Amino acid sequence: MKKGLTGLLVAAALGLAACQSVPGGGLSSSDISRQHRAALAKIVSPANEADLHFTADGQYQAQPAAGGYYRKVLGQTADGGWVVQDFYQDNQAKQIDAAVIFHPNGLRNFDNDVVDGPVVWYRPDGSLLQSATYQRGVLQGWVDNYDEAGKLRVRSRFKDGEFDGHREFFHANGQLAMRESQVGDDAVPKFEFWYANGKPALVLTDKGQEEGWDETGKPLNAREIAMLAQYLQTRLYQPEE
């Protein structure tokens, strides 16, 4: 399956606020195991399907493709769908855990519009890459991106397949680095930044609100705020394409 969407990156306009939240979200190893078992539990009859092969860009083909993927069909669900698991062709490492394809004719479709339920993606080296949830092909809730150490670094929230304006970035130590949200009935974008030690750094909005502090808590002037905002944006973790 194709890696889930990550949404838009940070907008150029910024403004700040000084509240801190407890880092949260992401999947634990027990969450991942539970989701994998839940998908397997949907199997009501064994599959009699040969492995399916896909190119690196997700196109189905009859033969294995270098740099591509192959799909094992694990079984069929009660409503005629399928439980599958995809693997990297080159080293046979898993690309996803078990997942449900709700469309009876969706086995040769590597896109996510035939997926129902959670999906967890992995890098070829086995490290956790991304997690997302689909409701009959439509992205819903948080899309979480992990670094090579398996730590949650970026999460973006979706509603009915569309990014809803909420995103969070985390420092490597787990502290919240930036939160993008929507303020008020007119949904003004708001950006809040924190230093890796948990102290507030910036609060910015599209309506020109600007507040900033150095790491000792000393307020910054407008020029210092602009320079800090530019610097902190360059330090945010960038999800893999």
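## The hairpin of β8 and β9

β8 and β9 make a hairpin with five residues between the two strands, and glycine 126 in its turn has a positive phi of about 95°. β8 covers residues 117–122 and β9 covers 128–135. The two are antiparallel and paired over six bridges; strands pair if DSSP finds at least two bridges between them. Tyrosine 122 has leucine 128 of β9 opposite.

Five of the six residues of β8 are buried, and the strand is mostly covered. Buried means under 20% relative accessible area, exposed over 50%, and partly exposed in between, with a 1.4 Å probe and protein chains only.

## Model and overall make-up

This is a predicted model, in which local features need pLDDT of at least 70 and side-chain atom pairs count only at pLDDT 80 or more, while totals for chains, interfaces and linings use all residues. Residues are numbered from 1 along each chain as its sequence is written, and side-chain values use heavy atoms, with hydrogens and water left out.

The protein chain has two helices and 17 strands. Of its 241 residues, 46% are buried. Its C-alpha atoms fill a box of roughly 65 × 40 × 30 Å along the principal axes. Among contacts (heavy atoms within 4.5 Å) between residues at least 6 apart in sequence, 43% join residues at least 24 apart.

## Nonpolar cores

A nonpolar core is a set of buried Ala, Val, Leu, Ile, Met, Phe, Trp, Tyr and Cys residues joined through side-chain atoms within 4.5 Å. The largest one has 24 residues, and those with the most contacts inside it are Met1, Ile101, Leu107, Val119, Trp121 and Tyr134. Two or more residues come from each of β3 (52–54), β5 (69–76), β6 (82–88), β7 (99–101), β8 and β9. A second, separate core has 17 residues, including Phe193, Tyr195, Leu202 and Tyr237.

Leaving aside neighbours within four places in sequence, methionine 1 is in contact with several residues, among them Arg71, Val84, Asp86, Ile101, Phe110, Val119 and Trp121.

## The cavity

A cavity is a set of points, on a 1 Å grid over the protein atoms alone, where a 1.4 Å probe fits but cannot get out; lining residues have an atom within 4 Å of a point. Grid points are joined across faces, edges and corners, and a volume is the space filled by probe spheres set on the points. By this rule there is one cavity of 30 Å³ or more. The largest cavity has a volume of about 40 Å³.

Its lining consists of Ile32, Gln35, His36, Asp97, Ala98, Pro118, Val119 and Val120. α1 (29–41) and β8 are the elements that give two or more residues to this lining. Five of the lining residues are nonpolar, two polar and one charged.

Strand β12 (residues 152–159) is largely enclosed by the rest of the structure, because six of its eight residues are buried. Strand β11 (residues 141–146) pairs with β12 in the antiparallel sense over six bridges, and tyrosine 146 stands opposite leucine 152. Their hairpin has five residues between the strands, with glycine 150 at a positive phi near 85°.

β12 also runs antiparallel to strand β13 (residues 162–170), joined by five bridges. Arginine 155 has glutamate 168 in β13 as its bridge partner. This second hairpin has two residues between its strands, and aspartate 160 takes a positive phi near 50°.

Methods
Helices (H or I, at least four residues) and strands (E, at least two) are DSSP runs, numbered from the N terminus. On a 1 Å grid over the protein atoms alone, a cavity is a set of points where a 1.4 Å probe fits but cannot get out, and a pocket is an open set with protein on both sides within 12 Å along at least five of seven lines; lining residues have an atom within 4 Å of a point. Ala, Val, Leu, Ile, Met, Phe, Trp, Tyr, Cys and Pro count as nonpolar, Asp, Glu, Lys and Arg as charged, and the others, Gly among them, as polar.
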